[in-house]
Amino acid sequence: MTQRTALRLHKALARIWAPEPGWRGWLTTNNNNDIGRLFLAVATGFFVIGGILAMLIRAQLATPGSAFMGPEAYNQVFTMHGTVMMFLFAIPFFEALSMLLLPGMLGTRDLAFPRLGAYGLWVYIFGGSAVIIAMLMGLAPDGGWFMYPPLTSAAFSPGLGADVWLLGITSIEVSAIATAVEVVVTVLRYRAAGMSLSRMPIFAWYILVVSVMILTAFPPMILGSLLLETERALDWPFFQVENGGDPLLWQHLFWLFGHPEVYIIFLPAAGMIATILPVMSRTTLLGYGWVVAAAVSLAVLSFGLWVHHMFTTGIPHLGLAFFSAASTLVAVPTSVMIFSWIGTLWKGRVRMELPMLWLLGFFATFVIGGLTGVMLAVVPFNWQVHDTHFVVAHLHYVLIGGYVFPMIAAVTYFQPLLTGRFRYFRLGEVAFWLVVPAFHVTFLAVHVAGLLGQRRRTWTYDEGQGWEILNLVASIASFVMAIGFALVILDILINTFAGLRGQRNPWGAPTLEWAAPTPSPTYGFGSIPIVRGRYPMALDPDLPQRIAKGEGYLADTARNRRETLIVDTMTGEPAEVAVLPGNSRLPFLLAVVTSTSFLAPLVGAYWLSALALSGVVIIALIWVWQLVPATTEGPVDAGRGALLPVASETANPPGWWGSLFLLLADGVHFGSLVFGYAFLWTVAPNWPPSSYLRSEVWPVMLALGGAVALIAGPRLLARAIGRPALPGLLVATCGALALAAAAASVMLARPAPEGHAYDATLWLLAGHTAFHAALVLIMLGYLSLRRIAGHALRVGEARIVSLWADFAAATGLVALGAAWLPGAFA
């Protein structure tokens, strides 16, 4: 391809992938560059808000008996500080960087579901804004970022504060799950040709593990929020001891999410370290396979540690021993990573650029945080320092040292790629030497104050406790640290807009993201690269020029649409051509109605919430309708002599993969519900209930018959491609209706869910079954409308419905069995 032809290619790609002009473009764009930048800017804004709240806390604690804030204001401030930093900054910030960097690292043009990414962004903005606006109106929650009942029940936390937290944060978790589904499918299927799993960049492995963790850690928290909000709004007694509930159930559900979340936050930072450190050391990562295994091991182990936050709640000694041992065991995979990075430094030649300074700050800080974590895993010590400022200091050592420092290193390292400019002004070094020493002064003092007995979550303290000097020193140092963080942001902004125009790949990095032009265009690559190893830029220094000349796949723009390559998951061989959607207002509109359905109950507008849910269904159907063409296309020319099928016409289209991982999260949510039912049954006071549900024969037969029909119907539909689809549609529809009717029989038999936690839980089990039966009915209605409109029915669509139908049938039988069996054996 000549230079002139290559230029025409890039101009055509820029036109096809361009956002709409003006401000409307920001509402309709779904390109990963635009969405990632918005995500990054909003998350940084929330970081600033969280930092201001932290300074208010330190100002209050600087002196004993301070009148700076009263107890009500202090409770709101420390609750919002934790909430903003954990939910509105930490996770969205690494999701933003992932959106920006992952397509380039993998050699693809965009993420798997661009509209889903845009939807997640807007839901996050609306939910986060609602929480901040509530705080400014004096309606912030004041029960701590962990929201323990009964303190946060309607009796002890009247008003809207707790409801704002429960509904706003749940909507943000929906955003995180949407992004996680997109990232998992992207890493597994959307890669450069030849990029097998063993050739993936190390950050892709980390973010894949983290995304699966989000899908399995967030659902228990969503369930807990649902239970607590239902108790507050409808008086269903899940946490009321006198009516069969137990507040400890909240702690289990919260920490089933909360402790894995610490590693969800740490592992992306570790992925950035493993990416940047070898480049700063001018070598390759030592022990790539061991590091991947350590990341997977750490993810698995993190789900077995949640009870170490509950050592003082009366856990049996055997449980204490198990969770204490598990808590110390996480030091093993963490140490594998640390020693891999140390070995990488040892075998290379380190250059002390600004990203490297922040990584050294990480080493000095995170190791201390890890050691205090092992101390807290020891039960007798944990009992002594539980709920003291020692725990506060440990948490900040892990999260600031283990997350914020590496993320600053990542932003400074990737700034030339994202902005096309290299650092000229050197405020960053000044900021580093302000932040890191001030951080250690602050939180070493807080550690000591905790060892001397200062309790956390108390708004003031008396003189003569021995904490005065420690708190004053910590507060002064914290303000120095805040000035340093402000300089970090200022340095990044100045160099973004006024830095030097630099060359491509100024660090000499060997990974694929640096093969794209800087700043990265909306389409990423002129053609999809072909890689031969783990470090493609080192193996082939001319790769950027060959990609730009169109020597890879999909270098033809004749079809005038956004396309990228889908590869075999294991080998990376080209398999399909994905057609990505263009600019659309649908993600923004869907986010509006989704957020309305969550937030309308805050003002008692339940009718509006129901109306918004109807809007969610309608917009989602329009969304899917637009994605699938009316006719089939057959194999298309992907370049280099390859004829590949269009992804939407295959047996397992991208929607099938997305549904598979969304159902993983849904399954964990259902499992958490069954866990809660079993927990209340075996642990909660005032159980068993006064009477059990005793089912007649007909609901059981309906459930069994409905489940069989639900499983069979979509399979008949898949086999009927090209033939009449009515039998499969009718069988599946009858199955969904039968299962929903069986669930309704449970609700009719126990009409008062506010009387006992047993009845309330039966309603949730039956509601879960009816909800998923209704989802399948909506999907079947969509397929029926496509047939009526004369559209070609695809086997992939039938297989997607089959996934959801199988899930509805399996979970429905388990839920209804859990409702009926105790009464049958009583």
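The protein chain of this predicted model exposes about 30,700 Å² (Shrake-Rupley method, 1.4 Å probe), and carbon and sulfur atoms supply 70% of that area. Buried residues (under 20% relative accessible area, 1.4 Å probe, protein chains only) make up 60% of the 826 residues. Local features need pLDDT of at least 70 and side-chain atom pairs pLDDT 80 or more, while totals for chains, interfaces and linings use all residues. Residues are numbered from 1 along each chain as its sequence is written, and side-chain values use heavy atoms, with hydrogens and water left out.

**Overall dimensions**
- Along the principal axes, the C-alpha atoms fill a box of roughly 80 × 75 × 45 Å.

**Secondary structure and contacts**
- The chain comprises 25 helices and 6 strands (DSSP runs: H or I of at least four residues, E of at least two).
- Of the contacts (heavy atoms within 4.5 Å) with a separation of 6 or more, 81% join residues 24 or more positions apart.

**Residue I265**
- I265 lies in helix α8 (residues 248–280).
- I265 counts as buried because its relative accessibility is 0%.
- Not counting residues up to four places away in sequence, I265 touches M86, A90, I91, L399 and Y403.
- I265 and L777 are 512 residues apart in sequence and 38 Å apart in space, C-alpha to C-alpha.

How values were computed
Buried means under 20% relative accessible area, exposed over 50%, partly exposed in between (1.4 Å probe, protein chains only).
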